[in-house]
Amino acid sequence: MAAPPRLGAFFVLILILLLLLPPPPPLRAEEPADTSDAAQARVRSAPAPVTDVARLCVCDLLVAQCDTNCCCDPDCSAEDFSLFTTCSIPVVMGDSQLCSQKAAVYSLDVEANPPERIFKIIDQVNPSIFCIHATNYEQALYFKSPEIPTAENFDELLDKFGGATFSAEPDSWNLDTDAQNPPEANETSRYEYGVPVQTEDAFLRLPSPVVSSWCSDANPAGFLVNQATKCIRSVSVEKCDSIQALSMLFYINSSILAVPKSNQMVNITVQSIVVQSVNGMRTLLSSSEALRLPMVLDELCINAVLGVNYHITHTDTGEIIEAAAAFVLGAISREALSIEQSFEISFTQENTQPVPLSGNPGYVVGLPVRAGFQPQGSGIIQSSNKHSQLTILHSTSTQDCLAAQGARAPVLFGYNMISGCKLRITAAMKCQPLAQTLLDVLKGQSFPEYVASFGNSQTQDVLDWVPITQLHISEQSSCQIPVSLGIEIKWTKYGSLVNPQARIVNVTATITSTTLKQLPSGRERIIPVTSSVVFTDISSPAEPSYKAWPTINIKLPFDFFYPFV
C-alpha cells in the first residue's frame, strides 16, 4: 500500500534539513567539560589596580576642612561644590607609565542650578609601547616599615644604628679583581676626570660629612677632583687604639691601582708627619718612616689622626704613578667626646709645577691675572712659566729697550701700571727687524690668548675664560713700528652684595704704531716706548629690589548675588 503524497513530501523535507546541518564535534574522553573558572582564566585581563584612585586626592591640604576648588576632597559637601568655579585637579590616576589603569575624572556641571560636581571612573590607556603591564614588585609601591626592636634583635639593631652615623651600603666593598679585571683591558684603561680612584680592595676614601657634620667613610676620591673636607668623628679615649679612623694605617694600607682594572699597584707613602699638642702647638717630625699608631697614655689618646692630605701624581695619559699622604697627629683628652678631622686631596701632572690661584672664586687685589692658551681642539693650557702669563714691560735703570727685552712684570689685579723705555734709532736700522724687535719688547715672548674670568677658573672650563681682543692702530705709511701697548681690563662685582666677587668680563690689548721716517746718515733719533694696564670697574650701582605685592584673583560664582541681580 503506497503512502499518501503529502506525507512523503514531509519526510523528504526533514531529510534535506538534517543533511544541511553541520556535524556535531566529536567527544573526547580525555578532555573534561569546560567550567566557568577555567574559561575566565583563559581570558586575558588587565592586572588588578594597586591604588584606589577614587580615594586619592592630591589637593586635599586642610584637615577636616573643604579645600577651595578641590573636587576630590571628601570633606566637601554638595553646598561647597555649588560654590566652586573649576576643578583644580580634573584627573586623578596612579602611575602614568602603566598600560591600563583606572582614572578618576572630576568636573562641574555649571548648567545645573545649583552647580553640581560630576565624578566618574574611566579606563585610562597608555599608547606608549614601553608601558608597564603589571607592577609585580609590591615592595616598591609602599614605604618599608621599620623593624621594631625586640629582645631578640635589639643587639643587632644597636650595632647597626647605634653610632653617630650609619650607611645603607653593604658592609663589604671587596672587589673580585680576577673576574672584573681581564688582562686585555689593562692596555686601554685609564683614569678620566671624576672617576673614583680605585684601590686593591675598593676605592680611595676621603671622609666627608653627608647629611650632618659627622664623618662618613663612603665618599670616594674622584680623579683630578681637588677636594677639601672637614667632619666630626665620635671618639672614646678608652677605645682609641681600636678605632680605625684614628690610625694612620686606615689611610695608607690599601695600594692604589695605577689605572682602572689593572694589577699594577702604587703604594701610598708617608710624606710628612706633624704632631699637634693638646694646646694646639704643632711640630714637624724629622723622620716620617716610622708609623705612629694611636695609644692611651696618661688618660690621653696620642697619635690620633686629625688630618690627612693626599697628593697624587699622574701622567698626561691618566695613569697614577705616585701617591703620598701628609698626616697631622694629635692628642685627645678624656673629656673629648668628638674631634674634628680635615681631609684634602690634590692632583699634579708629572714634570709640571702647580699653578697658584688668584682668588676663590673672585680675584684678590694684588694677585696676578691668570692667562693661558687654547690649542685647536683642546682646553685651556696654563703654563707655570712667568713669561707665558699676562705681563708688561718692566722698566730698568738704563731705560734701554733693547736691554730690557727679557725683563717682564706680571699684571696684578686691581693695580694700574705703566712702564716704558727709550729706543735709540740710527740710519743703519732696518724697518722690519726693528718693528719685530719692538713688538717682542711690548708683548713678550708669547702673548696669551685667554684670561681667566675668576681667580679659580679651571682649565677644563673653557667658558670660564675670556678671550683677549687685540687691536692695532697705525698710520698709512711704508714703515710702521709699534711704540705702545695698552691693556684695558674690565671687571665687575659678581654675586652677593655682602661679599661681592671680582670677575673679569673683557680684556682688550691695543698696539699703537707710528711712522718711522728714514734718517739721514749719521743722525740718531730717540723714540719712547710705553706699556700700560688699566682696570675699569663696570659694575652697575647696587639698587634695592623688593618683591611685588601679591595679587588677589577673586572669582565669585555666577549666582552669588542671586536673587538681587
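Predicted model: local features only at pLDDT ≥ 70, side-chain atom pairs only at ≥ 80, totals over all residues.
View A. Lys-102 counts as partly exposed, because its relative accessibility is 37%. Its side chain meets that of Asp-123 in a salt bridge, 2.5 Å from N to O. The pair links distant parts of the chain. Lys-102 sits in strand 2 (residues 100–109) and Asp-123 in strand 3 (residues 116–125), 21 residues apart. A search of the whole structure finds six salt bridges.

**View B. A salt bridge between Arg-334 and Glu-299.** The closest N and O atoms are 3.9 Å apart. Arg-334 lies in the loop between strand 13 and strand 14 (338–349), and Glu-299 in the loop between strand 11 (295–297) and strand 12 (300–314), so the pair ties together parts that are 35 residues apart in sequence. Arg-334 is partly exposed at 37% relative accessibility. Glu-299 is exposed at 51%.

**View C. Glu-524 paired with Arg-424.** In this salt bridge the closest N and O atoms are 3.1 Å apart. Glu-524 is in strand 23 (residues 524–537) and Arg-424 in strand 18 (residues 417–426), so the contact ties together parts 100 residues apart in sequence. Glu-524 is partly exposed, with a relative accessible area of 48%. Arg-424 is partly exposed too, also with 48%.

View D. Ser-272 stands opposite Ala-326 of strand 13.

Key:
Residues numbered from 1 in each chain as written. Heavy atoms only, no water. Pairing = 2+ DSSP bridges. Helix = DSSP H or I, 4+ residues; strand = E, 2+ residues; numbered from the N terminus. Salt bridge = Lys/Arg side-chain N within 4 Å of Asp/Glu carboxyl O. Buried < 20%, exposed > 50% of the residue type's maximum accessible area, 1.4 Å probe, protein only.
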